Every structure is written in structure tokens, then in C-alpha cells.
Amino acid sequence: MDAILESSTEYIKHSNDGTNTPLVNEKKWESDFLRKKCRNLELEQFYKLYLQRLNVSYLSLFLIIETFVVIVHSILLLATVRNLSDVYVDICIYIGSSVALWIILAINFYKDFQRHSWILYVTSWLAITVMMAADLSIPIYHAVSSHDILRPTYACYVLFAVYIFMPVPENLHSFILGIAVTISYLVTYTFITYRTEPTTNRNAGTMAIISDAIFLLCVNLLGLYYRMNQEIAIRTTFLDRRQCVEENLLLRYARDQEKSLLLSIIPAQIANKIEQDVKVRIEYLKAQHRRKSIEPGAASSNTHIVKRWRQLDTEKLFIEPHNDVTILYADVVNYTHLTTTLDVKTLVETLHDLFVKFDLASEEFHVLRIKFLGDCYYCVAGVPIPNEYHAKCCVELGLRMITDIRDVRAKRKLDIDMRIGVHSGNILSGVIGACKWQYDIWSKDVDIANRLESTGKAGRVHVSEQTLKLLDGEYLFEEGTPEARNDEVLRKYRIHTFLIKPPKVTFYDRSIGVKRQIEKKSTAKQDTTANFMHNTIMQYNQIRNQAKLEMSRELDKMPIGRIQMSQLFGRSKRLTQDEMEEQSFRSNITSLGLFFKDWRWEFLYLNEPDVMLKYSILFGFITFLAIVAMQAVNEPQSTLFWILVGIDVFVLTFFLVVSWYKKLWIMFISDSEQSQPKSTFSIIFYNLSDRVQRSLVARIVIYLTIVVMHCTCTSLQLLDCDRFEVMNEEIDIQLLHNGQHAHFCFNAWAVSESVILTVIMVFLFTRVPFVMKLFSGVLIIALYSVVVEFEFEFIYEKSPPTNVGLYAEYSHILILVITLIIYHLIDRQMEFISKVDYNWKRQLQKRQDDAKFTNETIKILINNILPSHVADIYMRKMMKNELYYEEYENVAVMFATIRNYDTEKVGLRVLNEIICDFDEMLNSYRGPLKIEKIKVAGWTYMAACGLDLERSDHIGSNASYRSSSLLPNGRRSHHTRSTNSEAIVINQDPEPEMSFGSLDSRSFEHYEGHNIKSRKISSPQQNNVVYVMVQFALDLMKAMHSFNTENLQYEDGGGKDRGMLRIGISHGEIMAGVVGSYKPHYDIWGNAVNMASRMDSTGIPGCVQVTEETAEILKTFDINCDYRGLTYVKGRGKIPTYIVGITDKLQFIKISNTQEAEK
């Protein structure tokens, strides 16, 4: 079994290898693509609802910031202005505008008003108008009343509110509002702030207006970039969640289907134990793969995995005891004759018709069908759920079977009948072996029921005395058959037998009474075994609708931050889902730095690819050019300034080329995103572009370089300025009283605006550590504050102030601090949401991994029970009373019986050990001529060679082929032979992995009987199946010999042939498939099967007996076959049989060696 698990989990180590991650889909990060995909997946409504919630949350944050700014500004005025009468009006305007904003924006917090989008627009325009009017009215008022030259304080702050905080859904509307604000401020600058400048400085005023215009336009562009970045992040989050939800549903669906199929084959109690064991084994193999990838020398120990696991297996059996049960054996009378008179297809259709009726009847009477043995049908009542009426159930089922087979006999005009044996007692149930498990039962009572059937009478139910006592005298009976009285097994256990007489009342009335009794006892218990055949399969559109419903639930779980003013307007006592999600998440992160407490998570989070990096670099380039333009417009710059600017432009251009190369190559050069560049130059830049967005170190280096460039460009003109020279010039002018001012070497407000752009740019980069951005912003403002207050305080003091009596340098620092606070809080909010989403995706990924692990376990179990293509059929079609069959012209069949081992004496553990040894041999026989284990019946092991999907493709009358069909009740066949003579290579791959949605239309045509390709198979290839099967039989004999030697089985007096194998092999045309109404059981039928069984039952212990036709083929492979003589075979009479030549050392006797010895 471990070797099977080893091959099944081989892909695990590749899936965990991060070196082969696929390229990031560039289209995924384009706004148009995201909008289109959201509409296609019906996510647009969810996006708008979440964006509305997020905007309301941002309004809450904005009102808090607004209140804080007004309070700080008012306190600053009261604390620093000497003549308070000059600022009373200013303070009243600030407070009044803040109150007006609260009143206007509070409407958006009521859910009833949130439904109307026009309210969002109206309140946003009104709020911005109030903010702008309050800020502009102060310089206008003082210019009119006292001719003071003032500058509006909050130009960029109002723009921040437009693009970040106002609930305006469309970017175009935000841009129009931002442009309106920009024009209003530029008009104020032109006619108020710089209008009263002296004539000599009028040109400087014009340049200052142009500088302010550049600054405000750049703030507008950065605001648009922020909104674009926010939209992409949110839409991507929605699409990721939608994909994860859908994948989770698909996994759940596949798991349910596979689990249903598994439980229809093996009862839940046994299946759950096996599933847990397989999970442990898979984890063990995963750990082995991980160790092998770390330890170079660990690979050598791989050969001992199976052996070590096998030693553990000796302590574990998937067996359960059941007491007080009744076993029923039913056999078709005259079946052997039918196999010689009917073609295999008609025979299997007849069995299917019959077994469908039996399955329906067994389900009706709460009897569990165990398996088929050719024409033999056996089942048990009282398993897995105890049933005190188990004996009555089996007797009623037996009577129904007799009625059903007579209906089939009349309909098909066949000479068949049923012989039924029923016995009550105790059993052991479960599975044994390492592969192709089949639920089975064992005990002496099972053997007794089998003997009751074989010694019974056609058309009668043959019961033991133990069963008769449990029938409560409700049935008439007579003495059993003479064969039963003379049977060795029945005499050994002193079994007294009886024949149930046909009931005098109608069968319908009796069955209803029994069923009512059963239902009364079982109403409190639900059968956990699902009837898979009667389940309907969910269609993809149903999964999609379910995904939509799940997304509506996930929407409520998506947190939007802790600051929510809407809670003040009707907060419920119970926490909402997003609040509960947020509380759960906050236990995983630190409060201050928003770090994951598990640093591995933080590292993985930071190392996620930053596909938005190219946009961050682009807008960083734009802000750099804006700063250069603002400095160049205000004052002529030195040669050093332009040299450094040239170097910076070159470096930024290189960053742009590297970051954008992959996207541009995909957009304009490649045919598809999967194609790769050809030239060396393209390959270098393409790979570099891909690595940059994936590498955290590269992103940090680029980020810090751009920040330093911005700071350098801003500070260069400060370094060129001699503040003492400017101070002396101002003193001289003041002494002359000529009404002029000294020529300052830089525009103080232009420098502050450059620093503001730098601070904004600091927070533009997404996948840069959150704390690094905060530290950079704080450091820049701290250093600039030192420059303002201590280095060039004289120049800043002479710049236009924002309020009468307020030192201008305070105004500079105030607006910088407001910018830092706003962008830090927004960055913190986005970081929080991003990490919540990352945490959610990790949790969902864990759930998906668990689901995949469960699916993987169930797939291994199912593929360990049914051939993979058969499991695919039953999980993708409603197999209600349908026959699935496959026809083969040439298949070798083997029966191998272990002699003289008694289950009662040695127990099932010995049988399990032997069967596991046999199953491990199957791993050496894979490929097109692999050995397929069919079943284990008692101490007999059955296998076949040649049951391969590729063998369905053929040409020519002698070619091996297989056709597969689905027949409802055995009446519809769809079989077509291909005539294409194209030869193809035999596929050596193992069975394909079974997964939901893996079958394409080609596979379905194949299952319906359509040949996909055809090939020629030469005659030697046909006969290879016989040689492979005989070779496998020899390996089983070797394994049995090793087992006997290791366990010293010859020393306990069990006879010379104890533990020896008696093997029979035959070949020919057969039919394979699944019959019955439920519990898919793969079996084979045909003359070759019957002959192989007879070769075993009439064989010699320690020998391989074959038919004459099989012996002739083996001779072509130089294997000697000794003629045994004429052997009586039931249904065929006396036929010639042969014994395969095998030496004492378990080697084939070659014909060539025999001839040389004779010479």
C-alpha cells in the first residue's frame, strides 16, 4: 500500500517547491480587465456595497481628522498670536465649518440614505464647498478688512478630502471636483495672496502661482493614482476571494461525490479508519520528501519506507466484529451451462438485470450486499447497524430473489433458478490487503451459509436451525436436503438444516410487515452509508450560484477598520461579522506596528509580488519632475543642481524601463502571456523585470533610492542659499526704508510643497514595510522642521502666513504634519485591510489544503478499490440501474488459492499479511500490461492481465480491443470500431489521477464506446498478457515460499501442502464491468474466467495448471509445459490440461534447456 501512496503523492514535493511559481498575470492588475471580470462573475454589486462601507468608514476617519485639525489649529492660534482679536473670526470659521461638515456628512451614516447614490454626490460637493469656502474666506476677509497678505491654509488638505475621504464612486467625478478646487485656490493665489506684492517682486509672484499650480495638479494626479490603486486592490481581493470560494465549493463537491462513492463500497466505520490511516501515511511520505530535499543522504533510505510501514501494519487490521447477524448466500443454478451457451455480453446483461433486482430488494429489506463472486451473490443483515429482525430480513430477501429470478427466466427464456442458503451467527467484517480493497466478511458462520447454499435446493431457501429459531414460527418449513446431512462442514459444526416452504399469504403482505418492524427499530438511527448511484450531480452553474451566495456572506466578513462612526447611529449590542473577523485577526498582529506575531507570516506577506511597483515608480518619477519644475520656476538653479537632476532622471528612467519592460513586452510584442522573449537583451530585461517585482530587497532598494532623490532635489537649493547674506540684505533694505524686501534665494512655500509631495510619495509604495514608510515620513518632516525653525527661520518667517499674527513657519510645519497624519492613517487602514485579507486567504488556503488532503486521501482509497476510469464514470454520470462494461478479446486470468490455512485457527492477520505480500507484487507490473487485482474470496486471490484502456484501440481482425458502454438495464450498447491504421506508442504512465472536471469530451466519447485513436498490435503483443500473468504467478509462489520460511509454517503439523499455492491460469475473451444498482464492484466474466477458476480448483498444490491454449502460448516464450492428462471440468467434461514447468528453486523450466539435456 505504501508504494501506491508513494506514487500517488509524488506530486506533493513539486507543489511545495516555490522555485517553479508561475509568472504573475499582468492583466489581473489592469482596471479595465478587473471591472470586466467582476461584471462577468457578478461581483460588481458586491464591490459597490463594500466600497460604500469602506467610504463610510473613511468618512468616520475624516471627521475625526477634521476635528483634530480644527482643535490643534485653534489652540495654536490662541497660544501664539498676541492680539487674539485678529484670530477670533478665523477660529469661529474653522469651528463653524467643522460643525457644518459633521451635519452634512452624518447623513451618509444612516443605512436608509446609503441606498441613494445621489446623496453621496450631493453631500460630497457640499462638504468640499464648505471646506474650501471656510479656508478661502479667511485670506479674503483679512485682505478686505486690514489689507493683510495671507495664504489659504488647507489647499492640499481639501484635495486629500476629495480623493481619499469623500464617498464619490466615480474617478471622473472626483477629478472634476478636484480640478474645481484647484482652480478656486489658484484664483485666490492670483488675486489675493500675490496681488499686493511690490512691483519689483511681481514676476516672483507669477512664478509662485505657476509653482502652486504645478503642485496642485500633481496632488490631483496622486489622488487619482491613490483611487486607482485602491480600486485595483479591492477588486483583486474580491476576485481572489471569489476564486477561493469557488475552488472551495468545487473541492467540497468533489469530496462529497468521492466520499459518497467510497461509502457506497465500504461502510462508514471501516472507511473512516482506513481514511485516517491513509492520512497518516501521506503525512509520513510528505515528511520523507521534505527530509530528502534537505538532507542529501536521505534518499538512500527511501527503499526502506515500505518495509518500515509494513512492520507497523502488522499491528493494524481494518476489521470489526459483529454479533447476531444473518448471512445469505445466493447462487444462480445452471450458470456454468450458460457460460458455454451464451455470449459474454448477453451473460453479463442477464446478471445485471438480476443483480439490479437483488440490490433493490436488499436495500428494501435493510440487508447489506457484500460482493459478487461470478454468479454468486452474498449479503448480511445486521451490519453495520444492528437489527433484531436480521433473520426475517434475509429469509424475505431470499424469497424475493426466487421470485425475481423467475421473472428474469420468463422474460429471457433461460433455464435458470436460485439456490439460497441462510445462516445466523457472528462475523468479522472489513478489508484486507494493501490495494483494491473490497469489503468482505469472514467466520465459520460465513462458511456454513456458503455450504447451506451449495447443498440447497433450487427455488428454495435453505436455512440452519439457528436461523429458524429467530423466525418466531412465522414460516412453514421442512427438513433440509440429503446433501446437507452428508456435508463435511455442516456435520463438523452439527448444523441441522431446513427448507422454508413458500408462504401461503401473498409476498407483498409479508414483506410490508417485516419492513414496518424494521422501520420502527431504525427510526432513531440514520444509515450513514450513502447510496451513491441515486445521487444527482451538481452542475457548474449551481456551483456558480452557490459561490455568489457564499460571496454575499464573505462580504459581511470583510473588515473595514475599527473607526466606524456609523456605530454611533444605531450600534447593535451584538458584534457584526466583520467586527468578529477583525477581533479574531487582531489576536494575530501587533497593535502598534501591525506586524504578524508569527514572523514567518510577515516575511511571506512582504515577499508577495508587487505588480503595482511599476505604477509607484512612474508616479514617483512624476513627483520628482514636479519638484524639479517647481524649483526651476521659482529660482535659477546651479550647475550642480542640474547635474544631479540629470543623474536622478537617468536612474529613474532605468527603474522605469526595468519595471515596465515585462508589461510592455506582453502588451505589444508577445502573442500570449505564456510566451517568452527570444533575444538576449529581451530575456535579460524580462527576467529582471519579473524578479524586481518579486524581490523584497529590490523593492526596498528602489524605494529608498527614490526617496533620497526627492529629498536631494528639494534640499539642493537650500544648500546653495547663504542665509547670512540674505539677512544682511534685508537689514540694509529696512534701514533705507525704501519699501522693498530682500531677494530670498528660494521660495519657502515651494520648498514646503516639495516636501509635501515627497511625503505623499513615501506612502505610495504598497509592498514596502509599513513601519519603514512611517519612519521615512517622520524623519523627513523632523529634519525639515529643524531647517524651518533653526536653519532658515528668517526666510520662512517672511513667507506669507496663513493667519494674522501666526508665525509663518508654524503654518509650514502644520500642513506637513497634517499630510503625514492623513497618509499614515490611510496607509495604516489599507495595511490593516490588506493583512486581514492576507490572513483570510491563508486561513482559506489552509481549509483548501485540508480539503485537498481529504480529497487526496479519498481518491487514493477509491483508486485502491476501483480502476480509476471506472471511478470517473460513476462520479460523473447518474449510474442509476445502468450497466457499465468493457469487452476484451484477450485477457489472462489467474486464480491462486492458499492451501490448508484455516481462518478460525490462524486468524485474519495471517491472511492479511499474505495478501499484502501479493499486493506489493503488483507494483512491479505496471504500464500497458499491468496486473489488475480483481478480488480476494476467502483464501483465493484473483487477478487479470490485459485490462488496460489503451487496448481498446485496434485494427484488424486479430487485434486486441476493448469497448466500453453504458446500458440502462442492459439494453443499450454503443460500440464502434475504428479503422484508422495509425500506430501509436503504448502509454507507460500510471493510471491518471482522478479529479473533478479532469475529463474532457474526448474521455467521455471513449467511455461511450467511441475509439479515439487506433493502433496495430502484433500477435506477440496479444500473447504477452499470458506470459506476464504466468510470471506474476511465479512471483506469488516466491512470496508465499518466503512467508512460509520466515514464519516456520511447516513445523506445526499442518500437512505438506500447508501454505502452498494452487494456481490456475487461462486466457481469452472476457467482459469486465460493474453490475448492480449500487455499491460499484468491478468484476470480470467469461469462459476464460470460468476456466481459470476450474484450473485452480482441479489443480495441484505448488503448481500452476493451465489450459491447452494457454500452454501453447507459453511454449512460444520458451516455457516448458508438461501435459497432465484429461481433467474433469464442471460444465465442460474432460479436457487436456498442462502444468507449467517450474524448478524447485522456483524458476521456469526452459524448453531449450530441456532439449539440450535430452541431446
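This report walks through the fold, the surface, the salt bridges and the aromatic pairs of one predicted protein model.

## Ground rules

The model is predicted, so local features need pLDDT of at least 70 and side-chain atom pairs count only at pLDDT 80 or more, while totals for chains, interfaces and linings use all residues. Residues are numbered from 1 along each chain as its sequence is written, and side-chain values use heavy atoms, with hydrogens and water left out.

## The protein as a whole

Let us begin with the overall picture. The secondary structure comes to 39 helices and 17 strands; helices (H or I, at least four residues) and strands (E, at least two) are DSSP runs, numbered from the N terminus. Of the 1159 residues, 55% count as buried. Here buried means under 20% relative accessible area, exposed means over 50%, and partly exposed is in between (1.4 Å probe, protein chains only).

The protein exposes about 50,200 Å², and carbon and sulfur atoms supply 57% of that area. Accessible areas come from the Shrake-Rupley method with a 1.4 Å probe; for residues, only the protein chains shown count as cover. Among contacts with a separation of 6 or more, 79% are between residues 24 or more positions apart, where contact means heavy atoms within 4.5 Å.

## A helix and a loop residue

Helix H9 covers residues 171-193, which makes 23 residues. From its first C-alpha to its last, H9 reaches 31 Å, close to the 33 Å expected at 1.5 Å a residue; the expected span is 1.5 Å times one less than the number of residues. Buried residues in H9 include Ser174, Leu177, Gly178, Tyr185 and Tyr189.

His366 sits in the loop between helix H14 (344-364) and strand S2 (367-373). With a relative accessible area of 39%, His366 is partly exposed. Its C-alpha atom is separated by 9.8 Å from that of Tyr389, a residue 23 positions away along the chain.

## A nonpolar patch on the surface

Now to the outside. Leu664, Met667, Phe668 and Ile669 form a nonpolar surface patch, and together they have about 440 Å² of accessible area. Patches are made of residues with over 30% relative accessible area and no salt bridge; like charges are joined within 9 Å, and nonpolar side chains (Val, Leu, Ile, Met, Phe, Trp, Tyr) within 5 Å. Met667 belongs to helix H25 (residues 639-668) and counts as partly exposed because its relative accessibility is 45%.

## Salt bridges

A salt bridge is a side-chain nitrogen of Lys or Arg within 4 Å of a carboxyl oxygen of Asp or Glu, and by this rule there are 28. In one of them, Asp440 pairs with Lys371, and the closest N and O atoms are 3.2 Å apart. This pair links distant parts of the chain, with Asp440 in strand S5 (residues 440-442) and Lys371 in strand S2, 69 residues apart. Asp440 is buried at 3% relative accessibility, and Lys371 is buried at 1%.

Asp417 and Arg406 also meet in a salt bridge, at 3.8 Å from N to O. Asp417 is in strand S4 (residues 417-431) and Arg406 in helix H15 (residues 390-412), so the pair ties together parts eleven residues apart in sequence. Asp417 is buried at 10%, whereas Arg406 is partly exposed at 36%. Another salt bridge joins Arg1062 and Asp1096 at 3.1 Å, N to O; both residues are buried. Salt bridges that share partners also join Arg151, Asp212 and Glu753 into one network.

## Aromatic pairs

Rings of Phe, Tyr and Trp (its six-membered ring) pair if their centres lie within 6.5 Å; planes under 30 degrees apart count as stacked, over 60 as edge-to-face and the rest as tilted. The count by this rule is 33 aromatic pairs. Tyr94 and Tyr154 have ring centres 6.0 Å apart and planes at 70°, so they are edge-to-face. Tyr94 lies in helix H5 (residues 88-105) and Tyr154 in the loop between helix H7 (117-145) and helix H8 (155-165), so the pair ties together parts 60 residues apart in sequence. Tyr94 is buried at 4% relative accessibility, and Tyr154 is buried at 7%.

The rings of Phe918 and Tyr941 are edge-to-face too, because their planes are at 85°, with centres 5.4 Å apart. Finally, ring pairs link Phe62, Tyr94, Tyr154, Tyr157 and Phe165 into a cluster.
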